[in-house]
Amino acid sequence: VKFSGNDRPNALSVKQVLQGKEVDVGLVHPNGTISWIGNGTTNAFWAEEPEDPPVKFQYWLVIQIGIPTMIFCCTAVAGVYFGLKQARPKSGPKKGNQQKQFGFEDTSNQESNKEVEQAEAATV
């Protein structure tokens, strides 16, 4: 263990908890040597850690992630399908039908008819 910025070098106490009480078991001197008090630390209270239980498949992930994803994807696909179905005409476009559908009328024939009538009237 090293400390930086310590302005007063001194011994560091080593402690161990034995039966719920803190007990001094040694000292670490500034030169790095360790002197143990009595027998030093003891392994009498160490116990082997129990093994972790096996990881089980987490079904809640299927419910929380899978089902909302399926609902979203199904509605998106259905929306695209029905939107395209509604946008396409059933029997194909008829002549002039597309212009009437959007509120346009073919006025080019009417204008040319008026010009022809005016030209005929001028010659008569």
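Strand 2 and strand 3 form a hairpin with five residues between them; in its turn, Gly 32 has a positive phi of about 100°. Strands here are DSSP runs of E, at least two residues, numbered from the N terminus. The model is predicted: local features need pLDDT of at least 70, side-chain atom pairs count only at pLDDT 80 or more, and totals for chains, interfaces and linings use all residues. Residues are numbered from 1 along each chain as its sequence is written, and side-chain values use heavy atoms, without hydrogens and water.

- Three strands make an open sheet in the order 1-2-3, with antiparallel pairing.
- Strand 1 (12-18) and strand 3 (34-36) are the edge strands; each has a single partner strand, so one side of each lacks a neighbour in the sheet.
- From one strand to the next, the twist averages 35°. Axes are lines fitted to C-alpha atoms, and angles run from 0 to 180 degrees between N-to-C directions.

**Strands 1 and 2**
- Seven bridges join this antiparallel pair. Two strands count as paired if DSSP finds at least two bridges between them.
- Ser 13 has Leu 27 in strand 2 as its bridge partner.
- The two strands form a hairpin with two residues between them. Gln 19 in that turn has a positive phi of about 55°.

**Strands 2 and 3**
- Strand 2 (residues 21-28) runs antiparallel to strand 3, and three bridges join them.
- Gly 26 has Trp 36 in strand 3 as its bridge partner.

Definitions and conventions
Helices (H or I, at least four residues) and strands (E, at least two) are DSSP runs, numbered from the N terminus.
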